[in-house]
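Trainee: Could we go through this structure together? I would like to learn how the labels are reached.

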Amino acid sequence: MINRWFLFLVVLTVGSGIGFWSASTFGIIAGSILAAVAWLALDSLHAGRFMAWLRQELVNESSSTETDLIPSLPGMWGLATDRVRRLLVKRDRMLRDGQSRLDEFLAAMQASPSGVVLLDAQDRIEWCNQMATQHFGLDTRRDVLQHVTNLVREPAFKAYMASNDFSHDVLIAGSTSTPGRPVKLSVHAHAYGADRKLLLSRDITAVELAEAMRRDFVANVSHEIRTPLTVLSGFIETLQTLPLKAPERERYLALMAQQSQRMQTLVNDLLTLSRLEGSPQPGGNAWVSIQGLMAQCEQEARALSALLVPHGHTIVFDTGQVSDIAGAHNELYSAMSNLVTNAVRYTPDAGVIHVSWKILEDGRARFLVKDSGPGIAPEHLPRLTERFYRVDRSRSRETGGTGLGLAIVKHVGQRHGAELQIESVLGQGSVFAMVFPAVRVRSSHTPQVLAVDVR
């Protein structure tokens with residue numbers, strides 16, 4: 001500032017000196033005035049260039065670091081320009097850092113498995129992530145600054161937002177929910193800032209389904225065990241209170257043994273499922289003979305057929321190439337046996353059952369069971385592997401089924417990398433197949449066919 005005043009005095013002195021030289025005493029005053037005007041004009045020019053540059057920088061919200069874009073000004077204006085430029089550079093750096101952190105934060109919220117919606121003080125949408133658009137059916141461009149209750153019209157959600165009690169969550173249907181495929185959302189609001197709210201949504205459809213399956217499972221197990229227990233209790237009470245003749249006593253004891261066997265089969269199947277779900281995956285080093293498994297299944301099928309129907313079934317076993325499969329013997333036998341015995345149970349008297357093992361062209365192997373039973377309606381096929389699901393409950397109980405067989409088959413197949421394929425036509429029978437990956441199969445070339453007519 002001192003230099004500025006000194007320079008101003010120098011200009012006045014020079015002007016007055018020139019005036020005195022030109023016009024004596026009167027020239028001193030005129031020269032001083034002209035020097036002052038020239039000084040002010042030049043200073044105003046510098047000030048104008050400085051302000052024009054500053055306005056441009058503020059409008060553009062970014063300072064230029066290019067030398068040719070920064071005005072070259074002398075004295076105080078040059079110093080002011082340099083200091084302002086540094087301040088703008090610092091401001092821009094802070095803005096970039098802030099924007100970078102904001103972008104990272106928004107990217108993290110976009111990657112969140114939960115839906116996130118930011119609401120202003122009037123419950124209008126300020127921002128939402130992609131998951132929230134799926135949960136609530138929102139559009140990030142169209143629905144910004146729209147009232148959330150105008151877009152999410154679930155009565156439970158409207159009541160929740162109106163109550164201002166956000167100590168708990170609220171359960172509502174998702175935007176894609178249909179009667180055939182319901183979607184459940186858990187929505188929780190959190191207040192923050194100046195009356196703003198953060199909405200978090202979570203898809204709990206799988207949790208609700210698992211809970212429903214758990215309840216159904218407990219109910220089914222209880223029902224399946226209660227029925228034979230009731231029969232046993234009744235027979236035991238009868239034996240204890242009534243004097244029965246030997247034939248009646250033998251009949252009651254046989255029925256009691258039958259119900260006891262039914263409970264034992266159910267418990268064994270439950271233990272099998274529990275073991276499958278809790279044990280490690282079977283390795284690929286233990287090889288099991290397919291011909292041995294087929295022989296066991298054939299023997300069991302023949303015995304069961306003779307027990308269930310008076311005239312038996314025509315049962316054909318085609319063992320194909322002599323081959324081995326890598327896996328757990330007990331699990332593989334349980335799965336194959338369930339498919340074969342199911343065919344025996346549901347195929348009518350004198351029906352035909354065909355069981356085969358075949359190495360496919362791509363190296364995979366297929367275990368197939370085909371029957372001439374009543375077939376299964378298409379609406380039942382997707383649910384056949386559910387625990388305790390039965391197409392015909394009365395028929396299943398008559399034949400001794402527990403409703404767990406196909407669930408066991410599915411789990412064994414998953415543990416061995418196999419695909420369970422089911423095809424059925426009403427009145428024309430059913431086909432159940434397990435297709436094993438090539439890495440679990442090794443074979444030689446000795447075809448064997450065994451036909452058994454159990455009549």
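Trainee: Why does Val37 count as partly exposed?

Mentor: Happy to explain, and keep in mind that this is a predicted model. Val37, found in helix α1, has 49% relative accessibility. Buried means under 20% and exposed over 50%, with partly exposed in between, so Val37 counts as partly exposed.

Trainee: What makes Val37 part of a nonpolar patch on the surface?

Mentor: Patch residues need over 30% relative accessible area and no salt bridge, and nonpolar side chains are joined within 5 Å. Together with Ile29 and Ile33, Val37 forms a patch with about 290 Å² of accessible area.

Trainee: How do you know that Arg124 and Asp120 form a salt bridge?

Mentor: Their closest N and O atoms are 2.8 Å apart, and the cut-off is 4 Å, so the pair counts as a salt bridge. Arg124 is partly exposed at 29% relative accessibility, whereas Asp120, at 6%, counts as buried.

Trainee: Why are Glu211 and Arg215 separated by about one helical turn?

Mentor: Because they are 4 residues apart in helix α6.

Trainee: What makes the salt bridge of Glu331 and Arg415 a link between distant parts of the chain?

Mentor: The closest N and O atoms of Glu331 and Arg415 are 2.9 Å apart. Yet Glu331 sits in helix α9 and Arg415 in helix α11, 84 residues apart. Both Glu331 and Arg415 are buried.

Conventions:
Residues are numbered from 1 along each chain as its sequence is written. This is a predicted model: local features need pLDDT of at least 70, side-chain atom pairs count only at pLDDT 80 or more; totals for chains, interfaces and linings use all residues. Side-chain values use heavy atoms; hydrogens and water are left out. Patches are made of residues with over 30% relative accessible area and no salt bridge: like charges are joined within 9 Å, nonpolar side chains (Val, Leu, Ile, Met, Phe, Trp, Tyr) within 5 Å. Accessible areas come from the Shrake-Rupley method with a 1.4 Å probe; for residues, only the protein chains shown count as cover. A salt bridge is a side-chain nitrogen of Lys or Arg within 4 Å of a carboxyl oxygen of Asp or Glu. Helices (H or I, at least four residues) and strands (E, at least two) are DSSP runs, numbered from the N terminus. Buried means under 20% relative accessible area, exposed over 50%, partly exposed in between (1.4 Å probe, protein chains only).
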